[in-house]
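Please look through the structure below with the contact between protein and DNA in mind, and then with the contacts within the protein.

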There are 2 protein chains.
Amino acid sequence: MHVMQVNWDDMRTVLALVRAGTLAGAAEVLGVSYTTVSRRVQRAEGMLGHVLFERHPEGYIPTAEAHDLAAAAKQMEQQEHQLLRQLAGQDQSLTGAFTLTAPELLIQAHLAPLLLEFTNRYPEVELRVKATNDWLDLNRREADLALRISSDPGDTLVGRKLTTQRSGCFATPEIAERAAADPMAVLDWVLFSEQSKPPEAALSQYPNARVRARFDDMVALVAAARVGMGALRMPVFLGRSTPGLVPLPQVATTPYAPIWMLSHRDLQHARKVAAFKDLLVPWFKQYADLFTSL
Amino acid sequence: MHVMQVNWDDMRTVLALVRAGTLAGAAEVLGVSYTTVSRRVQRAEGMLGHVLFERHPEGYIPTAEAHDLAAAAKQMEQQEHQLLRQLAGQDQSLTGAFTLTAPELLIQAHLAPLLLEFTNRYPEVELRVKATNDWLDLNRREADLALRISSDPGDTLVGRKLTTQRSGCFATPEIAERAAADPMAVLDWVLFSEQSKPPEAALSQYPNARVRARFDDMVALVAAARVGMGALRMPVFLGRSTPGLVPLPQVATTPYAPIWMLSHRDLQHARKVAAFKDLLVPWFKQYADLFTSL
DNA sequence: TGCATCACATGCATTTACGCACGGCTCATG
DNA sequence: CATGAGCCGTGCGTAAATGCATGTGATGCA
């Protein structure tokens, strides 16, 4: 009746569907059409002789069997990721893909020349940059090396602190001058979404703060500050390198999360990773003051 | 976010090829043509950017990368097998496939009526019998339940000893009578390939033994004995149930490997497995003397 | 030295899997 | 009650994967 043999890629498909909940979602992840996901699931069910999902208008609901299958597939996925890391980690060539992830504003402010230098020095390496604040999964090898602004880089990855950081408060010269002239006047602010109010270091000097807007994106926040919507707090490296913004007078810097350079243990000795590290470390040592003082 | 991905079935194919050494061998295992194996390997090499095999006239020689890949695929395979056992182990239905493996002569001699009883009692179960002396891999679910004649059933499987056994010496009535009439006359023997000489219990009574032939197959051996090629040693259950053979007079029985009923731990509580066990155990209890005395 | 065998590559026909377009269904919204 | 957005099933044409047949080189044997 049932030849108990499962197609491994069907297992991977079932895992994606259990995770996503809908055919379209799983298809997106897998890079195929949802029609294909549907048919692979049907085939898997036929092979196993078990119903794996309840079809509902809201989506596919996994049965207990599907959860078992997904658990196995998850382990298989781990094996795949480990293998890919292992192969990349043993790669001592200076050719082929190398993927870096870093916050986009860090790249914009300072990293771009370093990237240029890297590509000049190693023209055979195909550099891929993922500029995002999202923490990509280095276990899945979504990147080979990550630069992260964080006080807690976790303990699953290996790396080092490239520099500590401090933050300052910045605004357009007009706003800065007005505030300096009359510290008790109303001072407009734009905040990053997490912050509830302007920093104490600024409030003590300019107590009449008015929050004009909150942004969930740093690029947009900076743009708002540059058109004079208000003052803002940001790491000093950003403030110093943003044209049209100056430090608020009489406001001291405050601590900020440091910058970490991280890679997976399996990849730390891969030649391309090491080569990029060898470029990063001296640069941050030389220009540390860009990140720590106004 | 897209990462470098490998087709999982290509990984399975590489594993098969590492194991088999040749395209044709791997294809045989996978149930595809060797052309397909060749192309899947090429695709995997393209995906990974590594050469996985050295093509030689004698076959495919795996590189270090291929061994890494095979190791990962082996783990994945383990997950698959565990899943299949798990799903089967949870199956509390009395429908669908149930696979039994047992020595063919045990089935021929006694088990056949039990199989009939089982299919009568559970007509929805599709019984599959693998009659072989080979030890099928119950981890891979090549069978759900195994009957094995062995003094060392191993410790990876769970089960119980159904009965102890003793062996006796048998021959055609003509040979048996001639031997009884003149114990010092030459007595012909046919041996199972492992045995170097007839059993001591027989030699002490009939010292003039002549080995006529050795066989690597029990069925063939019995056939030879039945046409009078010589006496032979075999478990008493076989001797008693083989028409045309009688015990050699004045030869005592000797110990023989017991019969074990074994299943994988994951399957021991599956309903179909339990149902078959419930048939086996009382039967062997009732007819134990068939296996222990002449 | 033929001749058979084994292992693999290549070209071609066929089967299989896939993506796309269409339609049905449900649910939230105006 | 109409409408649009999700989400899924089905049919159809196309693209990819597969199997089969054929050819090549290496090896073993009479």
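DNA strand D is surrounded by 18 residues, a residue being near a molecule or strand if one of its heavy atoms lies within 4 Å of it, and the closest are Tyr34(A), Tyr60(A), Ser33(B), Thr36(B) and Arg40(B). This is a predicted model, in which local features need pLDDT of at least 70 and side-chain atom pairs count only at pLDDT 80 or more, while totals for chains, interfaces and linings use all residues. Residues are numbered from 1 along each chain as its sequence is written, chains are lettered from A and ligands numbered from 1 in the order in which they are written, and side-chain values use heavy atoms, with hydrogens and water left out.

Of the atoms of DNA strand D within 4 Å of the protein, 57% belong to sugar or phosphate and the rest to bases. Phosphate oxygens of DNA strand D lie 2.9 Å from a backbone N or O atom of Leu23(A), 2.8 Å from a side-chain N or O atom of Tyr60(A) and 3.0 Å from a side-chain N or O atom of Arg43(B). The surface near DNA strand D draws at least two residues from each of helix H2 (23–30), helix H3 (34–48) and strand E2 (59–62) of chain A and from helix H3 (34–48) of chain B, where helices (H or I, at least four residues) and strands (E, at least two) are DSSP runs numbered from the N terminus. H3(B) gives the most to this surface, with six residues.

The two protein chains also meet each other, with 32 residues from chain B and 32 residues from chain A in the contact (heavy atoms within 4.5 Å). For this interface the rule finds zero salt bridges, a salt bridge being a side-chain nitrogen of Lys or Arg within 4 Å of a carboxyl oxygen of Asp or Glu. On the side of chain B that touches chain A, helix H1 (8–20), helix H4 (64–90) and strand E4 (125–131) of chain B each supply at least two residues, and H4(B) gives the most, with 15 residues.

Within chain A, the division is into domain 1 (8–89), domain 2 (95–162 + 258–287) and domain 3 (166–256), with bounds that come from an automatic or database domain assignment. The centres of domain 1 and domain 2 of chain A, taken over C-alpha atoms, are 32 Å apart, and eight residues of domain 1 are in contact with nine residues of domain 2. Two salt bridges are counted between these domains of chain A. Glu77(A) forms a salt bridge with Arg140(A), the closest N and O atoms being 3.1 Å apart.

Note on methods
Polar contact = N/O pair within 3.5 Å; in protein donor to acceptor, adjacent residues only side chain to side chain.
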